[in-house]
Amino acid sequence: MGKNLKLKSARAGADMTQKDLADAVGVSRQTVNAIEKGEYNPTINLCKAICRVLGKTLNDLFWEDENDA
Amino acid sequence: MRKRSVKNNLDEMQEQTLLKIESRGMWIPFYGLVLSIVAQVLIGSEQMGNAILGESVLLLILSLYVVISCLRHGIWDRRLRPTPKTNTVVSAVAGAVVGIAMGIRSYFDYHAAVGSVGVFLFCAGFTFALCFAALSVCAKLYEKKQAQLETEDSDTAENGAK
(Lines give C-alpha, C1' and ligand atoms only; values in the text may rest on other atoms or scores of the structure.)
Protein backbone atom coordinates (compact mmCIF):
# COMPACT_ATOMS: atom_id res chain seq x y z
CA MET A 1 0.00 0.00 0.00
CA GLY A 2 1.54 3.32 -1.12
CA LYS A 3 1.50 6.67 0.60
CA ASN A 4 -1.73 8.62 0.36
CA LEU A 5 -0.31 11.83 -1.06
CA LYS A 6 -3.77 13.00 -2.18
CA LEU A 7 -4.93 13.09 1.43
CA LYS A 8 -1.77 14.81 2.58
CA SER A 9 -2.09 17.39 -0.17
CA ALA A 10 -5.81 18.01 0.54
CA ARG A 11 -5.11 18.41 4.25
CA ALA A 12 -2.30 20.86 3.56
CA GLY A 13 -4.60 22.66 1.11
CA ALA A 14 -7.18 23.05 3.86
CA ASP A 15 -4.40 24.45 6.08
CA MET A 16 -4.85 21.70 8.64
CA THR A 17 -2.26 19.82 10.62
CA GLN A 18 -2.59 16.07 11.16
CA LYS A 19 -3.76 16.89 14.70
CA ASP A 20 -6.44 19.29 13.40
CA LEU A 21 -7.78 16.66 11.01
CA ALA A 22 -7.59 13.95 13.65
CA ASP A 23 -9.57 16.07 16.12
CA ALA A 24 -12.13 16.94 13.45
CA VAL A 25 -12.88 13.31 12.60
CA GLY A 26 -12.46 11.95 16.14
CA VAL A 27 -9.34 9.80 15.82
CA SER A 28 -5.77 10.09 17.06
CA ARG A 29 -3.04 11.94 15.16
CA GLN A 30 -1.14 8.67 14.76
CA THR A 31 -4.10 7.21 12.85
CA VAL A 32 -4.15 10.12 10.38
CA ASN A 33 -0.37 9.78 10.06
CA ALA A 34 -0.69 6.02 9.41
CA ILE A 35 -3.34 6.62 6.72
CA GLU A 36 -1.14 9.20 4.97
CA LYS A 37 1.85 6.86 5.12
CA GLY A 38 -0.24 4.02 3.71
CA GLU A 39 0.26 1.91 6.82
CA TYR A 40 -3.41 1.72 7.78
CA ASN A 41 -6.54 1.08 5.71
CA PRO A 42 -9.31 3.21 7.25
CA THR A 43 -12.91 2.01 7.40
CA ILE A 44 -15.37 3.49 4.93
CA ASN A 45 -16.95 5.52 7.76
CA LEU A 46 -13.64 7.17 8.60
CA CYS A 47 -12.96 7.80 4.90
CA LYS A 48 -16.34 9.55 4.60
CA ALA A 49 -15.68 11.62 7.73
CA ILE A 50 -12.30 12.75 6.36
CA CYS A 51 -13.88 13.61 3.00
CA ARG A 52 -16.60 15.70 4.69
CA VAL A 53 -14.07 17.66 6.75
CA LEU A 54 -11.81 18.33 3.76
CA GLY A 55 -14.68 18.96 1.35
CA LYS A 56 -13.56 16.21 -1.02
CA THR A 57 -15.10 13.05 -2.43
CA LEU A 58 -14.00 9.49 -1.79
CA ASN A 59 -12.69 9.41 -5.35
CA ASP A 60 -10.61 12.52 -4.77
CA LEU A 61 -8.83 11.12 -1.73
CA PHE A 62 -8.99 7.35 -1.78
CA TRP A 63 -9.37 6.13 -5.34
CA GLU A 64 -6.15 4.75 -6.78
CA ASP A 65 -5.56 4.33 -10.50
CA GLU A 66 -3.70 1.19 -11.51
CA ASN A 67 -0.57 3.28 -12.00
CA ASP A 68 -0.82 4.71 -8.46
CA ALA A 69 -1.23 1.35 -6.71
CA MET B 1 -33.00 0.20 33.75
CA ARG B 2 -30.79 2.38 31.61
CA LYS B 3 -27.79 0.77 30.08
CA ARG B 4 -24.62 2.64 30.97
CA SER B 5 -22.10 2.74 28.18
CA VAL B 6 -18.45 3.39 28.92
CA LYS B 7 -16.74 5.64 26.40
CA ASN B 8 -14.12 3.89 24.29
CA ASN B 9 -10.90 5.89 24.37
CA LEU B 10 -9.49 4.13 21.32
CA ASP B 11 -10.08 5.03 17.70
CA GLU B 12 -10.56 2.36 15.02
CA MET B 13 -6.85 1.84 14.27
CA GLN B 14 -5.94 1.62 17.95
CA GLU B 15 -8.87 -0.75 18.47
CA GLN B 16 -7.58 -3.01 15.67
CA THR B 17 -4.05 -2.85 17.06
CA LEU B 18 -5.31 -3.75 20.54
CA LEU B 19 -7.26 -6.70 19.10
CA LYS B 20 -4.09 -7.93 17.36
CA ILE B 21 -2.11 -7.58 20.59
CA GLU B 22 -4.81 -9.41 22.54
CA SER B 23 -5.01 -12.22 19.99
CA ARG B 24 -1.23 -12.67 20.01
CA GLY B 25 -1.35 -12.47 23.80
CA MET B 26 -3.79 -15.38 23.79
CA TRP B 27 -1.30 -17.68 22.02
CA ILE B 28 1.47 -17.03 24.57
CA PRO B 29 -0.43 -18.70 27.46
CA PHE B 30 -1.77 -21.33 25.03
CA TYR B 31 1.64 -22.57 23.89
CA GLY B 32 3.06 -21.83 27.36
CA LEU B 33 0.56 -24.25 28.87
CA VAL B 34 1.28 -26.88 26.18
CA LEU B 35 5.05 -26.60 26.78
CA SER B 36 4.56 -26.63 30.54
CA ILE B 37 2.49 -29.83 30.35
CA VAL B 38 4.95 -31.55 27.95
CA ALA B 39 7.92 -30.49 30.12
CA GLN B 40 6.27 -31.85 33.27
CA VAL B 41 5.45 -35.12 31.51
CA LEU B 42 9.10 -35.43 30.43
CA ILE B 43 10.50 -34.50 33.84
CA GLY B 44 7.87 -36.62 35.56
CA SER B 45 7.04 -37.16 39.20
CA GLU B 46 4.83 -39.44 41.25
CA GLN B 47 2.30 -36.64 41.54
CA MET B 48 2.46 -35.73 37.82
CA GLY B 49 -1.29 -36.12 37.39
CA ASN B 50 -1.98 -33.57 40.11
CA ALA B 51 0.84 -31.31 38.94
CA ILE B 52 -0.54 -30.84 35.45
CA LEU B 53 -4.20 -30.82 36.45
CA GLY B 54 -4.45 -27.02 36.67
CA GLU B 55 -2.65 -26.44 33.37
CA SER B 56 -4.72 -29.13 31.65
CA VAL B 57 -8.05 -27.70 32.83
CA LEU B 58 -7.02 -24.17 31.78
CA LEU B 59 -5.80 -25.42 28.38
CA LEU B 60 -9.04 -27.36 27.93
CA ILE B 61 -11.20 -24.31 28.73
CA LEU B 62 -9.10 -22.10 26.41
CA SER B 63 -9.24 -24.66 23.60
CA LEU B 64 -12.97 -25.28 23.97
CA TYR B 65 -13.65 -21.53 23.88
CA VAL B 66 -11.62 -21.09 20.67
CA VAL B 67 -13.08 -24.18 18.95
CA ILE B 68 -16.71 -23.44 19.88
CA SER B 69 -16.41 -19.74 18.96
CA CYS B 70 -14.84 -20.56 15.59
CA LEU B 71 -17.43 -23.22 14.77
CA ARG B 72 -20.30 -20.88 15.74
CA HIS B 73 -18.99 -18.34 13.24
CA GLY B 74 -18.19 -20.87 10.52
CA ILE B 75 -14.43 -20.36 10.75
CA TRP B 76 -11.97 -23.23 10.30
CA ASP B 77 -8.41 -22.07 9.72
CA ARG B 78 -6.48 -19.45 7.73
CA ARG B 79 -4.60 -22.00 5.64
CA LEU B 80 -5.79 -25.53 6.36
CA ARG B 81 -8.98 -27.01 4.90
CA PRO B 82 -11.15 -29.49 6.84
CA THR B 83 -10.38 -32.44 4.56
CA PRO B 84 -9.83 -36.04 5.75
CA LYS B 85 -6.24 -35.84 4.42
CA THR B 86 -5.42 -32.69 6.42
CA ASN B 87 -7.12 -34.09 9.52
CA THR B 88 -5.07 -37.27 9.17
CA VAL B 89 -1.78 -35.34 8.95
CA VAL B 90 -2.64 -33.05 11.89
CA SER B 91 -3.74 -36.03 14.00
CA ALA B 92 -0.56 -37.91 13.09
CA VAL B 93 1.58 -34.97 14.23
CA ALA B 94 -0.36 -34.73 17.52
CA GLY B 95 -0.06 -38.51 17.98
CA ALA B 96 3.69 -38.41 17.31
CA VAL B 97 4.28 -35.57 19.82
CA VAL B 98 2.29 -37.26 22.60
CA GLY B 99 3.72 -40.71 21.75
CA ILE B 100 7.33 -39.46 21.82
CA ALA B 101 6.82 -37.58 25.11
CA MET B 102 5.21 -40.59 26.80
CA GLY B 103 7.74 -43.00 25.26
CA ILE B 104 10.68 -40.98 26.60
CA ARG B 105 8.99 -40.74 30.00
CA SER B 106 8.45 -44.49 30.05
CA TYR B 107 12.08 -45.19 29.11
CA PHE B 108 13.38 -42.97 31.93
CA ASP B 109 11.02 -44.65 34.40
CA TYR B 110 11.56 -48.31 33.48
CA HIS B 111 14.66 -48.42 31.19
CA ALA B 112 12.87 -50.92 28.95
CA ALA B 113 13.31 -50.06 25.27
CA VAL B 114 10.68 -52.48 23.99
CA GLY B 115 8.20 -51.35 26.62
CA SER B 116 8.86 -47.70 25.71
CA VAL B 117 8.17 -48.46 22.06
CA GLY B 118 4.93 -50.09 23.16
CA VAL B 119 4.01 -47.02 25.20
CA PHE B 120 4.89 -44.83 22.21
CA LEU B 121 2.71 -46.88 19.86
CA PHE B 122 -0.22 -47.03 22.26
CA CYS B 123 -0.15 -43.30 23.17
CA ALA B 124 0.50 -42.19 19.58
CA GLY B 125 -2.26 -44.45 18.22
CA PHE B 126 -4.75 -43.45 20.91
CA THR B 127 -4.02 -39.71 20.48
CA PHE B 128 -4.20 -40.06 16.70
CA ALA B 129 -7.59 -41.77 16.89
CA LEU B 130 -8.93 -39.26 19.42
CA CYS B 131 -7.69 -36.23 17.42
CA PHE B 132 -8.95 -37.61 14.13
CA ALA B 133 -12.39 -38.31 15.63
CA ALA B 134 -12.56 -34.84 17.21
CA LEU B 135 -11.41 -33.14 13.99
CA SER B 136 -13.87 -35.15 11.90
CA VAL B 137 -16.78 -34.19 14.18
CA CYS B 138 -15.68 -30.53 14.14
CA ALA B 139 -15.32 -30.62 10.34
CA LYS B 140 -18.89 -31.91 10.02
CA LEU B 141 -20.18 -29.21 12.38
CA TYR B 142 -18.19 -26.60 10.45
CA GLU B 143 -19.65 -27.70 7.11
CA LYS B 144 -23.15 -27.68 8.60
CA LYS B 145 -22.64 -24.16 9.98
CA GLN B 146 -21.15 -22.97 6.68
CA ALA B 147 -24.20 -24.26 4.80
CA GLN B 148 -26.51 -22.56 7.33
CA LEU B 149 -24.66 -19.23 7.06
CA GLU B 150 -24.75 -19.37 3.27
CA THR B 151 -28.53 -19.93 3.31
CA GLU B 152 -29.10 -17.16 5.86
CA ASP B 153 -27.10 -14.70 3.76
CA SER B 154 -28.96 -15.50 0.55
CA ASP B 155 -32.35 -15.23 2.34
CA THR B 156 -31.41 -11.80 3.70
CA ALA B 157 -30.24 -10.65 0.28
CA GLU B 158 -33.45 -11.84 -1.39
CA ASN B 159 -35.67 -10.21 1.25
CA GLY B 160 -33.70 -7.00 0.99
CA ALA B 161 -34.07 -6.95 -2.78
CA LYS B 162 -37.88 -7.27 -2.63
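How many aromatic pairs does the structure hold over all chains? Counted over all chains, there are seven aromatic pairs in this model, which is a predicted one.

A pair of aromatic rings is described by the distance of the centres and the angle of the planes. For Trp76(B) and Tyr142(B), the ring centres are 5.5 Å apart and the planes stand at 50 degrees, so this pair is classed as tilted. The pair joins distant parts of the chain, since its members are 66 residues apart: Trp76(B) belongs to the loop between helix 3 (53-72) and helix 4 (84-110) of chain B, whereas Tyr142(B) belongs to helix 5 (residues 113-161) of chain B. Both Trp76(B) and Tyr142(B) are buried.

Phe128(B) and Phe132(B) form a stacked pair, because their ring planes are at 15 degrees, with the centres 6.0 Å apart. These two residues are four residues apart in helix 5 of chain B, and therefore about one helical turn separates them. Phe128(B) has a relative accessibility of 30% and so counts as partly exposed; Phe132(B), with a relative accessible area of 28%, is also partly exposed. Elsewhere, Trp27(B), Phe30(B) and Tyr31(B) are linked into a cluster by ring pairs.

Attention now turns to the nonpolar cores. The largest of them has 18 residues, and those with the most contacts inside it are Leu7(A), Leu21(A), Val25(A), Ile50(A), Leu54(A) and Leu61(A). At least two residues of this core come from each of helix 1 (5-13), helix 2 (18-25), helix 3 (29-36) and helix 4 (44-54) of chain A. Helix 4 of chain A supplies the largest share, five residues. Apart from this core lies another, of nine residues, which include Ile37(B), Met48(B), Leu59(B) and Ala101(B).

Within chain A, Leu54(A) is in contact with Leu7(A), Ala10(A), Arg11(A), Ala14(A), Met16(A), Leu21(A) and Leu61(A), when neighbours within four places in sequence are left aside. The axes of helix 2 and helix 4 of chain A come within 9 Å and cross at roughly 115 degrees, and this crossing is right-handed. On the helix 2 side, Leu21(A), Ala24(A) and Val25(A) meet Leu46(A), Ala49(A), Ile50(A), Val53(A) and Leu54(A) of helix 4. The residues of this contact comprise eight nonpolar, no polar and no charged.

A final site involves both chains. Gln14(B) lies in helix 1 (residues 12-43) of chain B. Its relative accessible area is 19%, and because buried means under 20%, Gln14(B) counts as buried. Not counting residues up to four places away in sequence, Gln14(B) touches Ser28(A), Gln30(A) and Asn9(B).

Terms used
Residues are numbered from 1 along each chain as its sequence is written. Chains are lettered from A and ligands numbered from 1 in the order in which they are written. This is a predicted model: local features need pLDDT of at least 70, side-chain atom pairs count only at pLDDT 80 or more; totals for chains, interfaces and linings use all residues. Side-chain values use heavy atoms; hydrogens and water are left out. A nonpolar core is a set of buried Ala, Val, Leu, Ile, Met, Phe, Trp, Tyr and Cys residues joined through side-chain atoms within 4.5 Å. Buried means under 20% relative accessible area, exposed over 50%, partly exposed in between (1.4 Å probe, protein chains only). Contact means heavy atoms within 4.5 Å. Axes are lines fitted to C-alpha atoms, for helices over the stretch in contact, and angles run from 0 to 180 degrees between N-to-C directions. A crossing is left-handed if the near helix is turned anticlockwise from the far one by less than a right angle, and right-handed if clockwise. Ala, Val, Leu, Ile, Met, Phe, Trp, Tyr, Cys and Pro count as nonpolar, Asp, Glu, Lys and Arg as charged, and the others, Gly among them, as polar. Rings of Phe, Tyr and Trp (its six-membered ring) pair if their centres lie within 6.5 Å; planes under 30 degrees apart count as stacked, over 60 as edge-to-face and the rest as tilted.
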